[in-house]
Amino acid sequence: MDQQTPTRPDARPIPETQRRAQPRAVIAGTGGYLPEAAVSNDELSRTVDTSDAWIRERTGIGQRHIAAPHETCAFMATRAAERALAAAGMQAAEVDAILLATATPDEAFPATALRVQAALGAGGFGFDLSAACSGFIYGLATAEAMIAAGRIRTALVIGSEVYSRIMNWQDRGTCVLFGDGAGAVVLRAGQAGAGLPGILSVHLHSDGRLGDILYVDGAVGRRDKPGHLVMNGREVFRHAVTRLSETVEEALAANGLDKSAIDWLVPHQANKRIIDAIGKRLGLPAERVVTTVERHANTSAASVPLALDEAVRDGRIKPGDLVLMEALGGGLTWGSALARM
Ligand code: UT7
């Protein structure tokens, strides 16, 4: 180790003695934020050649929230993080790391995570993470590894997206599918052991060869081409059902669990037909699958934490429940996380 590196007063390293018993990352609180304005399918059909019937039948979407100018990626992430901290009964000063998954940051840099850090008055460190709709699962996996390794005790993992700003509003094949919002969880180091809460496994995958079936044809910082989302929906659909089925089976196998052990599926909210297919694969009745796509549409990296937060707050998901989360997005990226609440 570099002896010259000063110890960060706000990083709070875990003493060597405690580091040996590997801690487990426990979901201590959840939070969400949705923009005030919601746009129905009927409203959309006035500006683009579509219909409520088509959108509902093919996707299950009924409306989506669209951010006002002040509802930036950082603004929504901060609100979601505040709610997650309040639910955990924690102060921002206790946060060691902020991991923010987004494909729609407010600026190329500083990372939106650091705008959130400043707004919250948090210490520690933070960074953004790019894995499209799988970003929250990637963030959870990264923070979980840092907690398990004893590097940090507490992390905020946030997914925040303003896809309305990267939509081609003339393309009916994509603009009806997405919405804006943010979701967050507080992860805190806890004790590992059978039946105790915490993240039990994470599995991440990507296949860069499939980059051209879902991408943004530009970038933040390019005034000439900030970029619009482009998707071959049919191809993505095909891969989503296959890859997500594989990753939920993988999570069960890694934990030696039968599918009957799963209390809740909290899936990425891209399409009701994909969600139903994965729920069926797990043998879960519809009421054990948390589905928000009808009201939120696809909020990319925010969709899983928003759905988790909703089901925790309305009392469906209870302490001790086994929750399987999964997502797939541009890249392609995909993955799953299994957690006992
Ligand atoms: O979050 C990242 C992961 N994303 C996903 O998982 C999305 C995966 N893909 C999907 O959910 C579906 O493929 C879509 C919802 C995007 C499309 O559904 P589909 O059943 O695959 O429809 P399609 O693309 O095959 O299009 C069928 C027809 C086409 O017309 P023709 O060529 O058959 O005459 C489209 O032009 O529907 C037409 N269409 C529409 N019609 C009315 C496409 N979009 C619309 C629309 N309104 N908004």
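## Overall fold

The protein contains eleven helices and 13 strands; helices (H or I, at least four residues) and strands (E, at least two) are DSSP runs, numbered from the N terminus. Its radius of gyration is 19 Å, close to the 20 Å that the globule rule gives for 341 residues, so the protein is as compact as a globular protein of that length. The radius is taken over C-alpha atoms, and the rule is 2.2 Å times the number of residues to the power 0.38.

## Basis of the model

This is a predicted model, in which local features need pLDDT of at least 70 and side-chain atom pairs count only at pLDDT 80 or more, while totals for chains, interfaces and linings use all residues. Residues are numbered from 1 along each chain as its sequence is written, and side-chain values use heavy atoms, with hydrogens and water left out.

## Burial and contacts

Of the 341 residues, 52% count as buried, meaning under 20% relative accessible area (1.4 Å probe, protein chains only). Among contacts (heavy atoms within 4.5 Å) between residues at least 6 apart in sequence, 75% join residues at least 24 apart.

## Glu 326

Glu 326 lies in strand S12, which spans residues 322-329. Glu 326 is buried yet has no salt bridge, defined as a side-chain nitrogen of Lys or Arg within 4 Å of a carboxyl oxygen of Asp or Glu. The nearest side chain of opposite charge, Arg 281, is 11 Å away; Lys and Arg count as positive and Asp and Glu as negative, with His and the chain ends not counted.

Beyond its neighbours within four places in sequence, Glu 326 has contacts that include Ile 137, Leu 244, Val 266, His 268 and Ser 336.

Technical notes
Buried means under 20% relative accessible area, exposed over 50%, partly exposed in between (1.4 Å probe, protein chains only).
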